[in-house]
Amino acid sequence: MTRTTQITILVVLFALLSLFYQGLWGDPRHIPPVLVGTRAPVFEGPDVESGEPMSSEQYKGKVILVNFWASWCQECKVEHENLLRLYDEFKDHPEFVMVGINYQDEIPKARAYLQRYGSSFPHMQDVKGALAIDFGVYGVPETFVIDKQGVIRHKWIGPIVDNVYTNLTKNVLTPLLQRADTQVRPYDQAP
Amino acid sequence: MFRLFSIPILLCFVIPTAGLAEVVDETEIDQKVREIAKTLRCTVCQTENIWESGAPLAHQMREAVRERVIQGQSTEEIRAYFHSRYGDYIMMEPPKQGVNWLIWLAPFLLLFGGGALLWREVKGWVTRTPPSQPPPALDETSRRRIERELNDNQ
């Protein structure tokens, strides 16, 4: 067996093992999100604080930022201050809506969390985790941005901090809000 | 008199049968949930399906499967729903398309490639090994010594 053949075999074996390693033990954060560019699922549930029913239908035609969080999630605490800052930055825009979805949590704990860390935008309960599965959520925190046509344009797994915050506000939210296209396309016609 | 006893006797047969029918229905749902759940990968675990995983997300996914089974959705419809949310990653058996073919074909390619290389190497060894030579003839001194020793032992 020539040296070239030996090296080729080693390279092929290494490439295959790398692929299998990535597939079996890889970080789900690096998996391409399949929902980006598709119609966002309709989400509805009771408000965490008031218990009143909420639905994404009431936000039709607006840019919606959806953030999945839980009171037991450490990374959610890390990003919470930034979420409040982000809401303050965009809250005056008439086409901006921000909704938190409380995931796998106990309501008293979720309410205590919001009282302690602050709450300026509405939060929806997802006790059974059905909304999270509809959004293809792996864990919390996860953030989605839905455009005026109801199409998911952005997904981020992990806390909104540093460059992630800048990218989200400057490169995702601002352009979507500045778009003159305010005509709402029916959900079933979205790509 | 016959009518008086016939009703309780009849009920003895009917009531347990109705109960059994209920149990069989439940088992069928459980069986279908298990079959589907075993084909879906727990997205927060390492190489575990959602049926075997103890993760809370896997539990919620099992419940989502159960709800859809009860609603009357087919196995393919339920699998398609999860695939639409999580992509190929959620399938314990990745769909046979695109780069996934590598996963399906790699073991066979390695087996045949390895076998071919082994065959080639073994063949090379056989070709390179010189044929065995006959042992050198015994010289006269040694032959006499051996004969002597044999005779002494008798």
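What share of the contacts in chain A with a separation of 6 or more comes from residues 24 or more positions apart? The figure is 75%. Bear in mind that this is a predicted model.

Let me go through chain A. Chain A has 191 residues, and 32% of them count as buried. The secondary structure comes to five helices and seven strands. In sequence order the pattern is α-β-β-β-α-β-α-β-α-β-β-α. So much for the outline.

Next, the interface with chain B. On the A side, 18 residues are in contact with 17 residues of chain B. Two helices of chain A, α1 (3-25) and α4 (130-134), each put at least two residues into the side that touches chain B. The top contributor on that side is α1(A), with four residues. Sorted by class, the side of chain A that touches chain B holds twelve nonpolar residues, four polar and two charged.

Now the core. As a general matter, nonpolar side chains in soluble globular proteins tend to be buried together. In this model, the largest nonpolar core contains 51 residues. Which residues have the most contacts inside it? They are A:Ile146, B:Met61 and B:Val65, and that list includes residues from chain A and from chain B.

I will take one of those, B:Met61, in more detail. If we set aside the neighbours within four places in sequence, B:Met61 is in contact with B:Leu40 and B:Ile50 in chain B, and with A:Ile133 in chain A. On the chain A side, α4 covers 130-134, and A:Ile133 is the residue of chain A listed for B:Met61.

That is what I have on this one.

How values were computed: Residues numbered from 1 in each chain as written. Chains lettered and ligands numbered in written order. Predicted model: local features only at pLDDT ≥ 70, side-chain atom pairs only at ≥ 80, totals over all residues. Buried ≥ 20, exposed ≤ 12 C-beta atoms within 10 Å, placed from the backbone. Contact = placed C-beta atoms within 7 Å. Core = buried A, V, L, I, M, F, W, Y, C linked by C-beta atoms within 7 Å. Nonpolar A, V, L, I, M, F, W, Y, C, P; charged D, E, K, R; others polar.
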